Amino acid sequence: MCGIVGFISKEKNKVQIIKNMSDRIVHRGPDGEGYYIDEKIALGHRRLAIIDLRSGNQPMLNESENLAIVFNGEIYNYLELMDELKKKDIYLKLIQIQKYYFMGMKNGERCFQ
């Protein structure tokens, strides 16, 4: 399983804090790491590559790069989700099936029914 860390803060040294947090869970994801940091939040992800060996890097950003997500799991109905997103003119910047979680940001809780 991958590892996820994060916090909300106005601290100035969020980069070092989130990296230290991520280093503490390196055993959860030795295959890669990624970070998203802005003025209010810091997210970190440790990757354990099992299924999507080449393109599963996180955090993932939406096409506007104003929303970020980290998660642990697989999306098995990605083909159906892709069709729904295309109907709503949502096209992804990167080819990563997991980005379909951003559908929730556009449709709210209804997309998880």
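**View 1. Contacts across the protein chain.** Of the contacts (heavy atoms within 4.5 Å) with a separation of 6 or more in the protein chain, 48% come from residues 24 or more positions apart. You are looking at a predicted model, where local features need pLDDT of at least 70 and side-chain atom pairs count only at pLDDT 80 or more, while totals for chains, interfaces and linings use all residues. Residues are numbered from 1 along each chain as its sequence is written, and side-chain values use heavy atoms, with hydrogens and water left out.

**View 2. The elements in order.** The protein chain holds 3 helices and 5 strands, taken as DSSP runs (helices H or I, at least four residues; strands E, at least two) and numbered from the N terminus. Read from that end, they follow β-α-β-β-β-β-α-α.

**View 3. The open sheet.** Here 3 strands line up as β1-β3-β2 with antiparallel pairing; a pair requires at least two DSSP bridges between the strands. At the edges sit β1 (3-8) and β2 (32-37), each pairing on one side only. Neighbouring strands are turned by 10 degrees against each other on average, direction ignored.

**View 4. Zooming in on β2 and β3.** These antiparallel strands are joined by 6 bridges, with β3 spanning residues 41-47. Look for tyrosine 36, whose bridge partner in β3 is leucine 43.

**View 5. The helix over the strands.** Helix α1 (residues 14-24) lies across β1, β2 and β3, and runs at about 150 degrees to β1. Axes are lines fitted to C-alpha atoms, for helices over the stretch in contact, with angles from 0 to 180 degrees between N-to-C directions.
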